[in-house]
Structures are given as C-alpha cells and as structure tokens.
Amino acid sequence: MRSVLVTVAVLACALAAGVESAGATNECRGLNPCVPVAGPWVVVPVGRNVPRPQVQYQLSCPAGYVVGGVDAEVTDRRIDVAFLGKSGSPVNPGVTTSRTIVFVASYVGAGAAAPTFRPHAGCIRPQGGGRRTPTSVTAVSPPGEPTIRRVRTVRIAANQDRNVVQTCRAGERLVAAYHARGFFTRTPPSVSTIGSLSARRTVRANRVVVTAHGGPELQSARAVVQVAAVCAEGT
C-alpha cells in the first residue's frame, strides 16, 4: 500500500441549528454519475501527547467502482481529517484512489469530551489512468505496494462482549494495527452512547485482537468496531 496523506476539507456540523447532514457534503460534486457512501460517526481519541493520537477508518465503494471524491463531517472544527492516497502522478481517481479509502483523524484541540467525524466517499466507474514517460534515472524506483490492509468491521450489540480478530495471511507479517469505534446514527452520538462502547486492542503474534464491550446505551444505536491489520510480505 504505497500511500500519502492528503488533507480533506471538512464541513462542521451545524448541530445547534438542527441542520441535517444529508445533501450537505461534497463527495459527489462534479462527478456524474456518482454513488455516495457514508460511514458511521467515528470516535476520535483525545490526548495531549505529541504526536496526538489518531484513528483510522476504511470506507469501501460498491464492486466495479473507485473512490472519486471525499468529504467528512466533524463535530468539532479542531478535528484534523485526511485520507491515505496512493502516490503517483497525476492525482486522480484510479491512480490516487482505489475501491477503498482510509480516513485518518486526530483531535488537535484541548477540551472536547467526545469528538467524532463521519467520512464520506463519492464512488464512480473507473476511467483508467494516463501513462507517465519514464525518466533516465535508474538508481531509484517508484514506490511499490509493500503492504496490504486487511480490515474487518463487526457490529457490537447492547450488553455484548466480543473479541474481534483480524490476521495477516500465510507468508505475511503484521507491521501495524488499528481499530475504531463507530455509530451509524443520523446525528452524532452522545457522550454516554460513546462511553457505552469500549474497545481494547492487543497484538498477538501475527494477529490483531480487539476486545469490545457494548453497554445498555447501545439499544438505540447501531455500533460497530473496525479492526485493521497492515501486513507486509515475507516472514
């Protein structure tokens, strides 16, 4: 996965004014036809250490589509949102993006109780990419795809304990691990709802294990935990 971090322009939620988020995002602007895909409200960790803690969440387009546009909603303007895109030139769908896209968010403020963001992707049919004229430099090579992200997203019900496991495959080794808590709700989840879903990650040999617990507050929310294992070839 040869990736670069690309900043996403985000829209702050007008919660106090009661503005609905539907139709307010721009992931499909200028793309026709376009299939919009929205993720859950993803919990952003809060901390003051440097670097700030971050969360990653992957969205997937339907089969036969690639990501053509991205956007995000945030509950606090101090949430910094970016996405991982493939390196290369030019920057466009099918070259920089694929069927999946990973959003990266961190909270850079000092006082939020439970910041969240909701990722959006605009999906289009792949158009193919242009070819680049090779240069005469042979001492270096362009970035390859040394890693692959293996992701599993699992629903966690109220009053449920569950171990969510994601592993690398045979001939691969684990090089990074991530997990995220998310809520598929029309409006951002409350502090008590967020606190009702806990997730603790451990790494054991070549696999990632996240122990999740859903409290009674999840009766009215569709909660998920996403676990990602970043794997490299070789043992």
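Let's start with a pair of charges: the side chains of R118 and E73 meet in a salt bridge, with 3.0 Å from N to O. A salt bridge here is a side-chain nitrogen of Lys or Arg within 4 Å of a carboxyl oxygen of Asp or Glu. R118 lies in strand β9 (residues 116-124) and E73 in strand β6 (residues 66-74), so this pair ties together parts that are 45 residues apart in sequence. Both R118 and E73 are buried, where buried means under 20% relative accessible area, exposed means over 50%, and partly exposed is in between (1.4 Å probe, protein chains only).

Before going on, a word about what you are looking at. This is a predicted model, in which local features need pLDDT of at least 70 and side-chain atom pairs count only at pLDDT 80 or more, while totals for chains, interfaces and linings use all residues. Residues are numbered from 1 along each chain as its sequence is written, and side-chain values use heavy atoms, with hydrogens and water left out.

How far can you trust the model? Confidence is highest in strand β4 (residues 41-43), with a mean of 98, and lowest in strand β2 (residues 10-12), with a mean of 49. Over residues 12-23 pLDDT stays under 50, and the model has 12 contacts beyond four places in sequence for them. Over residues 129-138 pLDDT also stays under 50, with one contact beyond four places in sequence. Contact means heavy atoms within 4.5 Å. Where pLDDT is low, the predicted coordinates should not be read in detail.

Now for the overall picture. The chain has one helix and 15 strands; helices (H or I, at least four residues) and strands (E, at least two) are DSSP runs, numbered from the N terminus. Of the 235 residues in the chain, 41% are buried. Among contacts between residues at least 6 apart in sequence, 80% join residues at least 24 apart. The accessible surface comes to about 12,600 Å², and carbon and sulfur atoms account for 50% of this surface; the areas come from the Shrake-Rupley method with a 1.4 Å probe, and for residues only the protein chains shown count as cover.

Back to the charges. The count of salt bridges comes to three. In another of these, R78 meets D76 at 2.9 Å, N to O. R78 is partly exposed, with a relative accessible area of 40%, whereas D76 counts as buried at 13%. E172 also forms a salt bridge with R150, the closest N and O atoms being 2.6 Å apart. E172 lies in strand β12 (residues 172-184) and R150 in strand β10 (residues 147-156), so this pair joins parts that are 22 residues apart in sequence. E172 is buried at 13% relative accessibility, and R150 is buried with a relative accessible area of 13%.

T116 is buried, with a relative accessible area of 0%. Beyond four places in sequence, its contacts include W41, V42, V43, E73, P188 and I194.

Next, follow a sheet towards the end of the chain. It is an open sheet of three strands in the order β11-β14-β13, with antiparallel pairing. Its edge strands are β11 (160-167) and β13 (197-204), each pairing on one side only. Neighbouring strands are turned by 20° against each other on average, direction ignored. Two strands pair if DSSP finds at least two bridges between them. Eight bridges link β11 with β14 (residues 207-214), and eight bridges join β13 to β14.

V165 stands opposite V209, V164 has V210 as its bridge partner, and L197 stands opposite G214. V209 is buried, with a relative accessible area of 2%. Leaving aside neighbours within four places in sequence, V209 touches residues including N163, V165, R200 and T202. Finally, two residues lie between the strands in the hairpin of β13 and β14, where A205 takes a positive phi near 55°.

Methods: Axes are lines fitted to C-alpha atoms, for helices over the stretch in contact, and angles run from 0 to 180 degrees between N-to-C directions. pLDDT is the predictor's confidence in each residue, from 0 to 100.
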